[in-house]
Amino acid sequence: MSEQVFTNLTNGGPISVYVKDGKITRIRPMQIPEEEYKPWVIEADGKKYSPPKAMHCAPPVYSERDRFYSENRILYPLKRVDFDPKGERNPQNRGKSGYERISWDEALDIVSGEIKRITEEYGGSAITGMTSSHHNWGVVGYKMGPFHRFMHMLNYTPVLDNPDSWEGWHWGATHTYGFYWRLGMPEQFDLLEDALKHTEMIVFWSNDPDTTRGTYSGQESSIWRVWLKEKGVKCVFIDPFYNYTNAVMDGTWLAPRPGSDTAIAMAITYVWITENTYDKTYIKEKTFGFDDFKNYILGVGDDNYAKTPEWAEAESGIPARKIKALAREWASKKTCLSSGCRGGQGSACRTAFGTEWARMMVLLQAMQGLGKPGISIWGTTMGAPADSDPWFPAYAEPQGQMGRANIAKKKLCFENKTKQRLFRLTLPEAVLTGKEEFWGDGFCGQSLEQQFVHNLYPMEGHSKVKMFYRYGGSFFGTMSETSKWVNMYQSSELEFVVNQDCWYGGEAKFADIILPACTNLERNDIGEWAACGGYTTNAHIGCNYRVLVRQQKCIEPLGESKSDYEILSLVADRLGMKELFTEGNTEDDWAKLFFESSDLSKKISWEKFNEKGYYLTPVPDDYKPTPSMRWFAEGRDCDTPDTSNPKKGTDKAKELGTYTGKIEFASESLRQNMPDDKERPIVPHFIPSWEGYKSDPFKKYPLQIILPHPRFSFHTHYDNHAQWLNDIAGHRVKKDGYYWWPARINPIDAKARNIKGGDIVELYNDRASVLCIADVTERIREGVIHSYGCSAKYDPLVPGKADSTDKAGCVNMLTTSKLVSKHASGCTPNSCVCEIRKWEG
Amino acid sequence: MARYGIAIDIEKCTGCFSCFLACRDEYVGNDYPPLSIAQPKNAQKWIDVKEIEYGNGSKLKMDYIPVMCQHCEEAPCMAAGPEGAVYRRDDGIVIIDPEKAKGHKEILDACPYRVISWNEEKNVPQKCTMCAHMLDSGEKTVRCVEVCPTGAMVFGDMADPDSKISKLLAAKAEKVEDFKPEFGTKPAVKYLSLPKPFIAGEVILSDKPDECLKGATVTLTDDAGNTVLKTETDFFGDFEFKGLAKGIDYTLTAVFEGYFQEEMTVRTNSSKNVGIIKLRAK
């Protein structure tokens, strides 16, 4: 049989899949004939910038074939050997016991039988379930498709996600400049052109965009940063780690102690205030409450002190003269602040009181005229010219979800009778103690007030949860203090646990029943590159071309795996709910319905889209850039394609989403809703971390550890499944036949502990113990350990024992489950101390 | 006749390892007779990316050097094996014949770049084929170059003066060099801006230690007393001399009006962060 080529899409880019004799032989970035590309051109300083005629995926995507055929694929339904739904369930053995292969019939009977039993006994609210993000891609088959439709149909108790990559922006910056509909992250439209034309300096603050890559847009922006470097734009990096972007840009490196970033930011404003080098007209016209802030910075009033560069030096270890020099240069040049890969994000926002850092990032730029040419908050990974007008569904927006979209006859996600909710960060406590409270609705994208909602579990008239349906990925590597997840799984409160996934992740073997799902290479779907929709509208602007993809089924599902939609249809059938769930549609019927509801159907027929496999949306010849926040700086109505901005198109279109419509140095939304919150005060404060360099735990564990987002994997995806990655030393390192997770340590700290590069080391504190391989490097500042928080594998020395040493590098077992602050329900993996010693076995 | 080559600009390489992974995708488990047999899983690196960390303290640099078979004009591996076991095609690509090279481990040992791997199971040496099977089927690029996100890697016909690679090599001729030129094997893989030692530091004034000093003049002078390089400190008071030759003794001088100048000797056996230079007031 000759080779066939199929089109498909991943979380890091579009691909061409080559199949021969029923086997995938090769996977390349999507092959599009050169003549079909119509690249945009940006002119700046007499030079023309234009992207290459090619697609550049994220590196792990090039290991997709290895991931697909991984020995860690789940190929058959499995039952834990000592789980008997009619007898002994042995929940205490979850994570310890082995599994036996069972038939699909048996597996479906058990799952549907348990759903029936638990619903009858306790009601639908006793069923909970949750998904990881991005192990697959596609509108129909991905997490907010069939899984949400199915679970809501059961009237389940959802587990709300926390905005785990941008906590401080979500819980803090929203109260400074609005953008709650973007979960606190700023617009990024047309900022590439703005930077190429105007920006003279970029301050990368806690940001490594060459590693985090605009989240889903692969390496499309790598070339942009090369252009900026060649243009001679000065780059400064503030990060305890000499990060990969710093290496590329050859910038100046300032390495503060973790948790001191807010102090540095405040000292910069101190210099501007005392030297009169800030934009006073902008402050007067565009902002609110500056005098309160100024008083706080200058140390006016009781219990206050001046936030001088010398004070910030004592906190951060960055010499005061460097802080002053940076402040002066910043004020005298058109400076872009790059504080996270999407503008907002960055490790510093995932810390104790990380709200205050994110608020300060906005206020820094407000003092220099945020939105004026060259003065932006820009991650350098989004902001290419693009035609954002044609609508195409994306998984995170209601019209892209089969449980909510108008194409569905029954919008089951809106019909869930259960009002009770759980929260991912406190889920273990909720299950283990039987009660829990938390602030906010997880992703609070509807209003500023949504953060002030107080949730109680169990909710009156609802049951505690008894069944847990887990879908895709593992949290042992990515959430905080994850040994608690082991305890949760072993609780008899959870009478039944299902795990449905394509690959074994750390969590899969804590289930009673494991269901084998196929990947999106084994089913039909549609999707747009990088476009998640929802709270990040038009995320395709991280790509050089807007690519809509017909995700073609490349081969039959491996083993006995089935698509998520098929699995859930089969369960629904046994529940007598098949018609309700499917509405008589096959998976591909849904894909076609979504396509027909989109603007693409006006440009290309379904048949043609099917056959060709992709559609490139060209940038119009008369494209007019609308740089982010320019409208605000110039006092015009919002003119960007930020369609979710609720004031856009109204008589308040000139305003931001704050209560005053201005940038708030003193937050009105905090003043009106939580005026007495000392941990998220009306004016941002520097508050020392409860687990920082001056805390009590630091006396016992004198090393801080940071866990940024990974370079060669995505969340837990690709790690442990695509083993080709294991030969990249920055990802894992082989020693004695085992692939170890690296922990980076400064030579001074290593020497003091007699640790050499390549030694197996134990990272430990009161919460956990994790083994890693030491990478002794000057790239990490003294006193700090760097290790990525995303191992897919969980490999405790004593299986099923929560406090057992993990061998696979789940460094998040060390981090605390304490939240950003009392009312800011974010995770804090970068506020953690530990000690490290050579592992003698 | 074409003369295929690859040019690699180290300044543009981001160390993303896409080239390494795309190479594995093409060759692991896939035979391309008669040019190559399948690469075993997690056992070989036909292209590797060497990470170079240099400098120290706050003055640090990272570079990446992708290294694969250099497709040398004077390839020592060709001489090592029996007749025809390793051959050079008319287009310059060096191929190990998977049949004729069976059992000849000496081929592997002959390569000074150490880019040939040994397939234990098949008893044969293996390496990069510059995706010759793709070129033979009419493709215009090779896998590692195709996925390079910044254009740091350029593939093409070096015999054609109008090709992209020829133009690049001509335009940046002063930056072009061989990796390990001391091997003298005339590689078809060319490098631009390979890492070189640098000297960096900061200048401050002893009576103003709390301020960064912009605009101090810093010079490097060689043995003969010639000023080789001259720069000024930036707004952080930092200076840097990049791209220096290795193993040279320089005199580094920092000057600022109204202050005594400071001198020191710096040897570029490796990159140096000379730290803070304090100038005393006259």
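At what angle do helix α4 and helix α14 of chain A pack, and how far apart are their axes?

## Two helices that cross in chain A

In this predicted model, helix α4 (residues 167-177) of chain A packs with helix α14 (residues 354-367) of chain A at an angle of about 45 degrees, and their axes are 7 Å apart. Because of that angle, α4(A) is oblique to α14(A). The crossing in which α4(A) passes α14(A) is right-handed.

The residues that α4(A) brings to this contact are E167(A), G168(A), W169(A), W171(A), G172(A), A173(A), T176(A) and Y177(A). On the side of α14(A), they meet G354(A), T355(A), E356(A), W357(A), A358(A), R359(A), V362(A) and L363(A). Sorted by class, the contact of α4(A) with α14(A) is made of eight nonpolar, five polar and three charged residues.

## A covered helix in chain A

Is helix α3 (residues 146-153) of chain A mostly covered or mostly uncovered? The helix is mostly covered, since eight of its eight residues are buried. These buried residues in α3(A) are P146(A), F147(A), H148(A), R149(A), F150(A), M151(A), H152(A) and M153(A).

The partners against which the buried residues of α3(A) pack include both strands and helices of chain A, namely β8 (127-131), β18 (467-471), α17 (564-574) and α18 (578-582). After α3(A) comes N155(A), which has a positive phi, near 60 degrees.

## A three-stranded sheet in chain A

Chain A also contains an open sheet of three strands in the order β1-β2-β3, and the pairing is antiparallel. Its edge strands, each of which pairs on one side only, are β1 (4-10) and β3 (23-29) of chain A. From one strand to the next, the twist averages 30 degrees.

Looking at one pairing in this sheet, β1(A) and strand β2 (residues 13-20) of chain A run antiparallel and are joined by seven bridges. Within this pairing, V5(A) stands opposite Y18(A) in β2(A).

## A four-stranded sheet in chain B

In chain B, an open sheet is formed by four strands, which follow the order β13-β12-β15-β16 with antiparallel pairing. The edge strands of this sheet are β13 (227-232) and β16 (262-267) of chain B, each pairing on one side only. Here the twist from one strand to the next averages 20 degrees.

How many bridges link strand β12 (residues 217-221) of chain B with strand β15 (residues 249-255) of chain B? The two strands pair in the antiparallel sense over five bridges, and T217(B) stands opposite V255(B) in β15(B).

Key: Residues are numbered from 1 along each chain as its sequence is written. Chains are lettered from A and ligands numbered from 1 in the order in which they are written. This is a predicted model: local features need pLDDT of at least 70, side-chain atom pairs count only at pLDDT 80 or more; totals for chains, interfaces and linings use all residues. Two strands pair if DSSP finds at least two bridges between them. Axes are lines fitted to C-alpha atoms, for helices over the stretch in contact, and angles run from 0 to 180 degrees between N-to-C directions. Angles under 35 degrees count as roughly parallel, over 145 as roughly antiparallel, 65 to 115 as roughly perpendicular and the rest as oblique. A crossing is left-handed if the near helix is turned anticlockwise from the far one by less than a right angle, and right-handed if clockwise. Two residues are in contact if their C-beta atoms, placed from the backbone, lie within 7 Å. Ala, Val, Leu, Ile, Met, Phe, Trp, Tyr, Cys and Pro count as nonpolar, Asp, Glu, Lys and Arg as charged, and the others, Gly among them, as polar. A residue is buried if 20 or more other C-beta atoms lie within 10 Å of its own, exposed if 12 or fewer, and partly exposed in between; C-beta atoms are placed from the backbone.
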